[in-house]
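Subject: A structure for you to explore

Hi there,

Here is the structure I promised to pass on to you. Please open it next to this email and keep the sequence at hand while you read.

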Amino acid sequence: MALRPNNSLTPADRAGRQKAAQDDMMLREVDDAVRQDRYSDFAQRFGIPLIVLLVLVLAAFAGWLFWQSRQEGEMERRSEALIGALDQIEAGNLDTGGELLEPLATGDAAGPQSAARMLQAGIALEQGRADDAARLFAAVGADEDAPAALRDLATIREVATRFDSLPPQQVINRLEGLAVPGNPFFGSAAELVAMAHLEAGNTQRAGNLFAEIAKAGDVPDSLRSRARQIAGQLGVDAIVDVEALLAQQGAGAATGPSAGAVQQTPEATR
């Protein structure tokens with residue numbers, strides 16, 4: 001049922017409502033105009049800087065992607081160079097291997113540079129150039145940017161190369177921090193320190209250190225056996241389990257050099 005128009009309004013009421021509707025429409029138009037002016041003013045004031053900022057952000061992101069790609073490419077190139085040099089060294093082509101290592105050894109990447117210098121030092125030792133090898137080992141050992149483990153290994157190799165020309169106390173001072181059980185290079189460092197003590201006449205300290213090497217479970221068997229024999233000769237018991245040792249060496253061990261160390265230990269403990 002359709003609603004009938006309200007004819008009860010007076011002409012004045014109708015005129016008032018019509019004026020209110022016109023005023024409301026005008027306010028909306030003014031509000032829309034003001035809003036558009038604000039947007040336009042904002043665009044004029046900040047539009048160009050925002051566009052520039054957006055372009056800079058996109059450029060920086062693109063640059064980062066390019067840099068990352070270049071870094072990965074450089075890492076692959078260095079790895080291939082190291083592998084190629086190792087292949088040449090294993091094949092006996094030491095000169096060729098050294099030439100391949102030179103760009104890495106003089107580069108600015110700490111890890112590959114240190115690895116290349118260590119390989120160069122090994123080549124120098126193979127070629128009888130002990131002084132050059134010691135110099136390269138010393139450079140790696142003194143490089144604060146090189147990995148810590150590689151620095152320690154380089155220091156041990158340098159001292160071992162120069163051992164005959166170094167005073168015993170200097171050997172001890174440089175390596176005693178590494179010659180502690182639990183250190184990854186304990187066996188190599190401790191053997192050099194023990195030999196330095198032996199040369200300095202500190203037989204008891206040398207024997208105790210050789211015994212520690214013999215009892216360590218994370219050193220090569222050949223080093224442990226050698227340390228056990230020397231400790232026994234110095235009168236220090238380096239045998240943890242005699243029966244286990246004899247079982248490892250076999251029935252013929254009783255006449256071998258290691259048995260001498262076993263036979264000496266009871267006298268040392270009396």
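Below is what was found in it, from the overall fold down to single side chains.

**Before you start**

This is a predicted model, so local features need pLDDT of at least 70 and side-chain atom pairs count only at pLDDT 80 or more, while totals for chains, interfaces and linings use all residues. Residues are numbered from 1 along each chain as its sequence is written, and side-chain values use heavy atoms, with hydrogens and water left out.

**The overall fold**

The protein has eleven helices and zero strands. Both kinds of element are DSSP runs numbered from the N terminus: helices are H or I with at least four residues, and strands are E with at least two. Of its 270 residues, 29% count as buried. Buried means under 20% relative accessible area, exposed means over 50%, and partly exposed is in between (1.4 Å probe, protein chains only). A contact means heavy atoms within 4.5 Å. Among contacts between residues at least 6 apart in sequence, 44% join residues at least 24 apart.

**The core**

A nonpolar core is a set of buried Ala, Val, Leu, Ile, Met, Phe, Trp, Tyr and Cys residues joined through side-chain atoms within 4.5 Å. The largest one has 30 residues, and Ile156, Val171, Leu175, Phe210 and Ile213 have the most contacts inside it. At least two residues of this core come from each of helix 5, helix 6 (168-175), helix 7, helix 8 (203-215) and helix 9. Helix 7 supplies the largest share, seven residues.

Leaving aside residues up to four places away in sequence, Ile156 touches Leu175, Leu178, Phe185, Ser188, Ala189 and Leu192.

**A pocket**

Helix 5 (148-161) and helix 7 (186-199) each give at least two lining residues, and helix 7 gives the most, with five.

**Salt bridges**

How many salt bridges does the structure hold? There are six, each with a side-chain nitrogen of Lys or Arg within 4 Å of a carboxyl oxygen of Asp or Glu. Three of them are these:

- Aspartate 221 and arginine 224 meet at 2.3 Å, N to O. They are three residues apart in helix 9 (residues 221-233), so about one helical turn separates them. Aspartate 221 is exposed at 56%, whereas arginine 224 is buried at 16%.
- Glutamate 158 pairs with arginine 162, the closest N and O atoms being 2.7 Å apart. Glutamate 158 is buried at 5%, and arginine 162 is partly exposed at 30%.
- Aspartate 132 and arginine 129 meet at 2.9 Å, N to O. A network of salt bridges links Arg129, Asp132 and Arg135.

Enjoy exploring!
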